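Dear colleague,

Please find the structure below for your records. A short account of the findings comes after it.

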Amino acid sequence: MMMTILGFIGGLEIVILLILLLFILLIPLIALIDILKSDFEGNNKLIWVIIVVFLSIIGALLYFFIGREQKVTDTKPS
């Protein structure tokens, strides 16, 4: 009985670790896709790609909090 409980707990730790790993990989990927699909002025796009690639989750979070405001908005007069 005790081995079954410990086996379940060990399996639960693996599941939590896999979910955390997926989160750590998914957030920078979403940030990179958003950066590459958007327009920025000058070299800002290249700078944000480098930041997200080298700083991973921290770079992605910086982009979501700071970089999204730097996107060029298409304001065409009608």
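The notes that follow concern the salt bridges and a surface patch.

This is a predicted model, in which local features need pLDDT of at least 70 and side-chain atom pairs count only at pLDDT 80 or more, while totals for chains, interfaces and linings use all residues. Residues are numbered from 1 along each chain as its sequence is written, and side-chain values use heavy atoms, with hydrogens and water left out.

Two salt bridges were found in the whole structure (a side-chain nitrogen of Lys or Arg within 4 Å of a carboxyl oxygen of Asp or Glu). Together they link Asp34, Arg68 and Lys71 in a network. Aspartate 34 belongs to helix α1, residues 2-37 (helices are DSSP runs of H or I, at least four residues, numbered from the N terminus). Its relative accessibility is 17%, so aspartate 34 counts as buried (under 20% relative accessible area; exposed is over 50% and partly exposed in between, with a 1.4 Å probe and protein chains only).

In the pair of lysine 71 and aspartate 34, the closest N and O atoms are 3.1 Å apart. Lysine 71 lies in the segment after α2, so this pair ties together parts 37 residues apart in sequence. For arginine 68 and aspartate 34, the corresponding distance is 3.8 Å. Arginine 68 is partly exposed, at 40% relative accessible area, and lysine 71 is partly exposed at 23%.

Key
Helices (H or I, at least four residues) and strands (E, at least two) are DSSP runs, numbered from the N terminus.
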